[in-house]
Amino acid sequence: MLLNEVRVVLVNTSHNGNVGSAARAMKTMGLSKLYLVDPVNEIDSHASALAAGATDVLGNAIVVDSLAEAIADCSLVIGTSARSRTLSWPMVEPRECGEKMIAGAKSGPVALVFGRENSGLSNEELQLCNYHVCIPANPEYSSLNLAMAVQTLCYEVRMAFLAEQERSDEASESSSEDESIYPSSKQMELFYDHLEDTLNETGFIVKQHPGIVMTKLRRLFNRARPEEVELNILRGILSSIGKTIKNTKD
């Protein structure tokens, strides 16, 4: 089922009650894959109490050390952001977020990432995401706690899933036309490392003064979302440039 490919990732949560409540919010919407990135506390009885009937989601939660590890095999990552950043990133509305999650889930794991209760996701963590999503709450009182945010966006994921089911029932023969294969987050990170190394070798990036070139290139490729075949072509181009540089030096 598509919902099994959607994982909810909570980064560095400090209150166990929020983790339990988030698990409950997930289960009410049919989601079960919970990842905890470097939580401040271990799951305890307080978390289990607030999870209510969703202790199975809580008990099967996967704990990892970093966001990169949590999303390594995901082809689509959307991070929640409640504030504007210095460098703008492709934004989606909650409804579009749910639709993109379900569309991406057709080809494998996707992730919806939530940040710390007091400060959200860091700029570095947000740069690991393809898109950012912001819940358009009342600007005069936008105080959403973590579990509320999880509930809101998981609801949108479920609505998109139900709509997809209806479309599949009506015209299943047309679904094969849109089954693009996208690279995982880990594959994209390897590409960015390769790109940065090549730009350093060519002198396009000055190591002593790198500026924000790579940040802007990340934004460009996250917005473009190259397919796996296209990414392989880009890697091939970089390898070709690397060989030329090596031959010139020799």
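Me: How do the residues of the lining of the largest pocket divide into nonpolar, polar and charged?
Reply: They divide into 10 nonpolar, 9 polar and 4 charged residues, where Ala, Val, Leu, Ile, Met, Phe, Trp, Tyr, Cys and Pro count as nonpolar, Asp, Glu, Lys and Arg as charged, and the others, Gly among them, as polar.

Me: What kind of model is this, before we go on?
Reply: This is a predicted model, in which local features need pLDDT of at least 70 and side-chain atom pairs count only at pLDDT 80 or more, while totals for chains, interfaces and linings use all residues. Residues are numbered from 1 along each chain as its sequence is written, and side-chain values use heavy atoms, with hydrogens and water left out.

Me: OK, which residues lie nearest the centre of that largest pocket?
Reply: Ser-81, Ala-82, Ser-142, Leu-144 and Ala-149 lie nearest its centre, out of 23 residues that line the largest pocket. Its volume is about 610 Å³.

Me: What counts as a pocket or a cavity here, and what is a volume?
Reply: On a 1 Å grid over the protein atoms alone, a cavity is a set of points where a 1.4 Å probe fits but cannot get out, whereas a pocket is an open set with protein on both sides within 12 Å along at least five of seven lines, and lining residues have an atom within 4 Å of a point. Grid points are joined across faces, edges and corners, and a volume is the space filled by probe spheres set on the points.

Me: And how many cavities of 30 Å³ or more come out of that rule?
Reply: The count comes to 1 cavity of 30 Å³ or more, and the largest cavity has a volume of about 130 Å³. It is lined by 17 residues, with Ser-75, Asn-130, Ser-185, Met-188 and Asn-222 nearest its centre, and that lining divides into 9 nonpolar, 5 polar and 3 charged residues.

Me: Which helix gives the most to the lining of the largest cavity?
Reply: α8 does, with 4 residues; α8 (185-202) and α9 (213-224) each supply at least two residues of the lining. Helices (H or I, at least four residues) and strands (E, at least two) are DSSP runs, numbered from the N terminus.

Me: From which domains does the lining of the largest cavity draw at least three residues each?
Reply: It draws at least three residues from each of domain 1 (2-171) and domain 2 (185-249), with the domain bounds coming from an automatic or database domain assignment.

Me: What do domain 1 and domain 2 bury between them?
Reply: They bury about 1,200 Å², 53% of it on carbon and sulfur atoms, buried area being the accessible area (1.4 Å probe) that two parts lose on being put together, summed over both. The centres of the two domains, taken over C-alpha atoms, are separated by 29 Å. The contact (heavy atoms within 4.5 Å) takes 14 residues from domain 1 and 10 residues from domain 2.

Me: Going back to α8, is Lys-186 buried or exposed?
Reply: Lys-186, which is found in helix α8, counts as exposed because its relative accessible area is 53%, given that buried means under 20%, exposed over 50%, and partly exposed in between (1.4 Å probe, protein chains only). Lys-186 and Ala-68 are 118 residues apart in sequence but 7.6 Å apart in space, C-alpha to C-alpha.

Me: What about His-132, buried or exposed?
Reply: His-132 is buried, with a relative accessible area of 5%, and lies in strand β7 (residues 131-133). Not counting residues up to four places away in sequence, His-132 touches Ile-78, Gly-79, Ser-81, Trp-89, Pro-90, Met-91, Val-92 and Leu-126.

Me: Switching to backbone angles, what is the phi of Asn-12?
Reply: Asn-12 has a positive phi of about 55 degrees although it is not a glycine, and its place is in the loop between β1 (6-11) and α1 (16-28). Asn-12 counts as partly exposed because its relative accessibility is 22%.

Me: And the phi of Asp-38?
Reply: Asp-38 likewise is not a glycine, yet has a positive phi of about 45 degrees; it sits in the loop between β2 (33-37) and α2 (45-51), and at 43% relative accessibility it counts as partly exposed.

Me: Leaving aside neighbours within four places in sequence, what is Asp-65 in contact with?
Reply: Asp-65 is in contact with Val-37 and Asp-38. Asp-65 is found in the loop between β3 (62-64) and α4 (67-70) and, at 68% relative accessibility, counts as exposed.
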